[in-house]
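Me: I am new to this structure and would like to go through it in short questions. Please show it first.

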Amino acid sequence: MNERVNRDVGAGATPLDLDAELMLRVKDGDGASFGALLDKHRMAVVHFLYRMVQNRAVAEELAQEVFLRVYRSRETYEPTAKFTTWLFRIATHLALNALRDGKHERVLERLDETSADMPARQVPDVRPSVEQSLVYQDKLDEVRRAVAALPEKQRAAVLMHKYQEMEYTQIAKVLNCSESAVKSLLFRAYETLRARLAHMA
Amino acid sequence: MKCPMETRENDVLLAYSSRKLDAAERSLLDGHVENCAACREFVQAQRAVWDALDAWEAVPVSMDFDRRLYQRIDQQVSWFERAMRPFESLGFRRVVPIAASAGVVLMAGLLLQRTSVTPLAPPRDTAQMESLQPEQLEHALDEMDALSQLSRPVRAGKADSEM
């Protein structure tokens, strides 16, 4: 496999990341490598999509589509970019399409719902009082509203920067724009978030 | 140092707010932020944003996520791949297409060989004879007969001169 990787990347190029190696094995028909990729990135992709569309069912549906596309593309896969760049490019593309197709309306509805259907993990471990829970929920809703109010590309950039800890160059590749455009997106997004959330300090 | 707010180097302040700068860069900014009200305000507000975003935990992934995914993958897999699945562990996946290709080449070779031993087409003359109609044959015989009659006086004259 190492020979294969070196041949594909070419002399002098940076070595492939482990994920790209796994993907090349998937291309060779190794189903276990696809399972390894799924194990490694499932949570990150679902969480990114959840924060983008803010609906669990829609996020999982989109995440399934992401991994399905990865699997379907195995025959034509070429490690021209970092695997996660490719993965998040697919995820971002699907999320932006879903938001433009009107699924964001479901998102806004969801934000107005009560906390009854919120997952247990979102409540802090220390058993809170009803009042504390309500305060926490209010705070959480405010954060979610602030993020949901960001323009789609700014939102994607912030989520990749904050939660995936991606560098500007990688975000630029995912969003198919320049690094300076990413800096500008993030500057405007954080400016909006500071105006809305700074009082929560 | 120059104020990042004045030089619009917000990415430096963002990195500083999220404590991502290395020790040397951080200590440079530490002193500046302490004395610059604009930068201090930026950093405090940005840290509040980080903390607020940190509080937003994502939902856990459904337990049956993988099962549903593999079900969808299975629906799209071709009959050939499904048939090959039991042999994957034996490395048959690579061998079978090669064997199939070899089979096709072998078949093509056999067909070519068979074509080469096929008898050649009959000579053109024979074909022309076969295609002659009875009228044409009769006409040809008449012509031969006329020619033989023409040649008779020549032969007779020749015989006379020899005598």
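Me: Where in chain A is A:Glu165 found?

Reply: This is a predicted model, in which local features need pLDDT of at least 70, side-chain atom pairs count only at pLDDT 80 or more, and totals for chains, interfaces and linings use all residues. Residues are numbered from 1 along each chain as its sequence is written, while chains are lettered from A and ligands numbered from 1 in the order in which they are written. Helices (H or I, at least four residues) are DSSP runs, numbered from the N terminus. A:Glu165 lies in the loop between helix 7 (152-162) and helix 8 (168-175) of chain A.

Me: Is A:Glu165 buried or exposed?

Reply: A residue is buried if 20 or more other C-beta atoms, placed from the backbone, lie within 10 Å of its own, exposed if 12 or fewer, and partly exposed in between. A:Glu165 has 10 other C-beta atoms within 10 Å, so it is exposed.

Me: What phi does A:Asn176 have?

Reply: Most residues other than glycine have a negative phi. A:Asn176, in the loop between helix 8 and helix 9 of chain A, is not a glycine, yet its phi is positive, at about 55°.

Me: Within what arc do the buried residues of helix 1 of chain B fall?

Reply: In helix 1 (residues 10-17) of chain B, the buried residues are B:Leu13, B:Leu14, B:Tyr16 and B:Ser17. They line one face of the helix, because seen down its axis they fall within an arc (of the directions from the helix axis to the C-beta atoms) of 165°.

Key: Helices (H or I, at least four residues) and strands (E, at least two) are DSSP runs, numbered from the N terminus.
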